[in-house]
Amino acid sequence: MKIDIVGGGPGGLFLSYLVKKRFPAWTVRVFEQNDADATYGWGVVFSDVALKFLEEADRAFFKRFTAEHVRSDHMEVVHRGVHVPIDGHSFSRVSRIALLKFLHAECRAADVELLFNTRVDDVTALHGADLVVVSDGVNSRSRSQLADVFKPSFVQRRNKFAWYGTAQLISAVSLIFRATQHGVFIAHSYQYSAGKSTFLIETDPQTWQRAGFDQMSDEQSRALCGRIFADDLGGHPLLSNKSSWFEAVTVKNEKWHDGNIVLLGDALRSVHFSLGSGTRMAMEDAIALCNGLVLHQKDLGAVFDYFETTRRPVSDRFQDAAAKSLDWYENVADQMHLEPIDFAYSYMRRTGRVTHDDLRQRAPGFARQYELIHGEPVS
Ligand SMILES: Cc1cc2nc3c(=O)[nH]c(=O)nc-3n(C[C@H](O)[C@H](O)[C@H](O)COP(=O)(O)OP(=O)(O)OC[C@H]3O[C@@H](n4cnc5c(N)ncnc54)[C@H](O)[C@@H]3O)c2cc1C
């Protein structure tokens, strides 16, 4: 069987690795528009819960995958300068480029054909393939080309983001909230390598405008953000990697496949980064599609049925949770009057899916802190 994969992000690369490991005689090609060394952004984070799927799917791969990751066993919500620790939440972090390079090496070892600097402008021109996988990201060109078939829908969220890095080492996964004269700014930050941390800044569009970011160059934006988070950055500047301000778009598709073409990863469905699960979702898609191939091989109708039946419910659930999480962030100004523990509590329960009992199980130390103030609430 011949498989062409459009887009060499985590989803496409992991799928190609899985398929070649399972079916060494098949031909698997990955078309990637960029160079092997190119990436945007800084580090990405996985919660241990989020990585369970990988450990269960392939223990040896999981060990290699996480070998160089930076670990932490708690997170922190920082409000009014008070660091509220949330126990029971462990994370591993890695730079996006290190993650991609690791996957490149695994793919090469499995004999996947990696075609860098090769952009696919017309997905229907990939004639020789039995199966074409579209994994070219949230702004997928191939999905746009076949928009009449896949019927994608988009929700543009209102908050503004700038994905910076810094040499300040922020060891716990930290959500830092700073009230300014213009409004609230949020930093999603964590160390992901020996010398760097991600520092993703978020604010609502009114605050962004009032602060004058619409008139600023990249350098000026970074300087002002650096001043807003000066207490957290310990004198280190913010670093840019094409870090211009952007808004998040949530994508879903009515149809997931057509003929021999199937969507995967962010091209199929994006999950907002406030849940830190997009990479994991793309990799879980890859496992499900590969399992479908193992079960049904050339019977693509059955493969796609298996893929969609396995993945659509999870996908929908995640997008619902992400929407609630986004609502919380977009309206955070309404929560800023809360004391730090209450504020952190509101954050932890923002998706509406976490009860107080859940918190007791997952973060007993934090739940106790809350109960010391409020007693035991009815969940
Ligand atoms: C600010 C930010 C922070 C994030 N943080 C996290 C995090 O902490 N944890 C997490 O799990 N996820 C995070 N994500 C989400 C994560 O990056 C994505 O969900 C994940 O990369 C999706 O993988 P993918 O393979 O589907 O797509 P992508 O990673 O987008 O890869 C698509 C690939 O296709 C290539 N491509 C595009 N068009 C073409 C074409 N026409 N021809 C050939 N190649 C093409 C692109 O160059 C790219 O390499 C974050 C995202 C953002 C924006």
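Predicted model: local features only at pLDDT ≥ 70, side-chain atom pairs only at ≥ 80, totals over all residues.
Residue numbers start from 1 along each chain as its sequence is written. Helices (H or I, at least four residues) and strands (E, at least two) are DSSP runs, numbered from the N terminus.

**Around proline 24**

- Proline 24 sits in the loop that links helix H1 (10-22) to strand E2 (27-31).
- Between proline 24 and leucine 295 there are 271 residues in sequence and 16 Å in space, taken C-alpha to C-alpha.

**The largest nonpolar core**

- A nonpolar core here is a set of buried Ala, Val, Leu, Ile, Met, Phe, Trp, Tyr and Cys residues joined through C-beta atoms within 7 Å.
- The largest one has 97 residues, and those touching the most other members are Leu15, Val133, Val134, Val262 and Leu264.
- At least three residues of this core come from each of domain 1 (2-42 + 91-155 + 248-328) and domain 2 (157-245), with domain bounds taken from an automatic or database domain assignment.
- Leaving aside residues up to four places away in sequence, leucine 15 touches Ile5, Val133, Leu264, Ala286, Leu289 and Cys290; contact means C-beta atoms, placed from the backbone, within 7 Å.

**Helix H10**

- H10 (residues 278-296) has 19 residues and spans 27 Å from first C-alpha to last, close to the 27 Å expected at 1.5 Å a residue; the expected span is 1.5 Å times one less than the number of residues.
- Of its 19 residues, 14 are buried, so H10 is largely enclosed by the rest of the structure.
- Glutamine 297 follows H10 and has a positive phi, near 45 degrees.

**The E3-E7-E4 sheet**

- Three strands form an open sheet in the order E3-E7-E4, with antiparallel pairing; strands pair if DSSP finds at least two bridges between them.
- Strands E3 (43-47) and E4 (70-72) are at the edges with a single partner strand each, so one side of each has no neighbour in the sheet.
- On average, neighbouring strands of this sheet are turned by 25 degrees against each other, direction ignored; axes are lines fitted to C-alpha atoms, for helices over the stretch in contact, and angles run from 0 to 180 degrees between N-to-C directions.
- E3 and strand E7 (residues 91-95) run antiparallel and are joined by five bridges.
- Glycine 43 stands opposite serine 95 in E7, while serine 47 stands opposite phenylalanine 91 in E7.
- Four of the five residues of E3 are buried, so E3 is largely enclosed by the rest of the structure.
- Helix H4 (residues 96-109) lies across E3 and E7, at about 85 degrees to E7.

**Positive phi in two loops**

- Most residues other than glycine have a negative phi.
- Aspartate 111 has a positive phi, near 75 degrees, and lies in the loop between H4 and strand E8 (113-115).
- Aspartate 111 counts as partly exposed, because it has 13 C-beta neighbours inside 10 Å.
- Asparagine 117 also has a positive phi, about 50 degrees, and belongs to the loop between E8 and strand E9 (131-134).
- With 11 C-beta neighbours inside 10 Å, asparagine 117 counts as exposed.

Notes. Buried ≥ 20, exposed ≤ 12 C-beta atoms within 10 Å, placed from the backbone. Contact = placed C-beta atoms within 7 Å.
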